[in-house]
Amino acid sequence: NERKKWIHCFDGVHAVMFVVGLAEYDQSMEEDPTANRMEEALQIFNDICNHPLFTTTDMILLLNKRDLFTEKVARVNIASVPAFSDYSGKPFDYDDGVAYFVRRFVSLNRTTKTIHNHVTCATDAQNAELVFNDCRQIVLQKNLAASGLGG
């Protein structure tokens, strides 16, 4: 597994930023057309979130491409995708869809760490600034706590 070769590079980090394309819930992987992109993202998030190196490392989950998700969820019911047939929210509903995917990711956490989540659109400057400021605050708090100056 390639991840095992580089995972040690992250020893001692205070936060991991995980970016996933929110609108990819009905798309397949380019390298494996039988694999669902969102399912793959969930598996990788699970592996990283629960890896022993990251037991106390905060996770920052960025559900990106909000604009594309808004368009897609209005025409592709999440429950119609076999991997997400357990979706019980309102069909074609943006808020229920976002809440569902946030729950799917956050529920994978088997530690006591915090999972911070943001729904983002990389081309929205205000949104990007808000997310950046939140991420900076998380890292600052972790650094202060590590130095014994705060918590």
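**Reading a residue and its surroundings**

Analyst: Let us begin with contacts, keeping in mind that this is a predicted model. Leaving aside residues up to four places away in sequence, I138 touches A15, D58, I60 and H116.

User: Where is I138 found, and how far apart are the C-alpha atoms of I138 and H116?

Analyst: I138 is found in helix α5, which covers residues 125-146. Although I138 and H116 are 22 residues apart along the chain, their C-alpha atoms are separated by 9.0 Å.

User: How should I read relative accessibility here: does I138 count as buried or exposed?

Analyst: Buried means under 20% relative accessible area and exposed means over 50%. I138 has a relative accessibility of 8% and therefore counts as buried. L149, found in the segment after α5, counts as exposed because its relative accessibility is 68%.

User: Which residues make the nonpolar surface patch with L149?

Analyst: L149 makes this patch together with L140 and L144, and the nonpolar surface involved is about 290 Å².

User: How do I read helix packing, and at what angle do α2 and α4 pack?

Analyst: One reads the angle together with the separation of the axes: helix α2 (residues 37-49) and helix α4 (residues 94-106) pack at an angle of about 35°, with their axes 9 Å apart. From α2, the contact is made by M38, A41, L42 and F45, and from α4 by F101, R104 and F105. By type, the residues of this contact divide into six nonpolar, no polar and one charged.

Notes: Residues numbered from 1 in each chain as written. Predicted model: local features only at pLDDT ≥ 70, side-chain atom pairs only at ≥ 80, totals over all residues. Heavy atoms only, no water. Helix = DSSP H or I, 4+ residues; strand = E, 2+ residues; numbered from the N terminus. Buried < 20%, exposed > 50% of the residue type's maximum accessible area, 1.4 Å probe, protein only. Contact = heavy atoms within 4.5 Å. Patch = residues over 30% accessible without salt bridge, like charges linked within 9 Å, V, L, I, M, F, W, Y side chains within 5 Å. Areas by Shrake-Rupley, 256 points an atom, 1.4 Å probe, with all protein chains shown as cover. Salt bridge = Lys/Arg side-chain N within 4 Å of Asp/Glu carboxyl O. Axes fitted to C-alpha atoms, helices over the stretch in contact; angles between N-to-C directions. Nonpolar A, V, L, I, M, F, W, Y, C, P; charged D, E, K, R; others polar.
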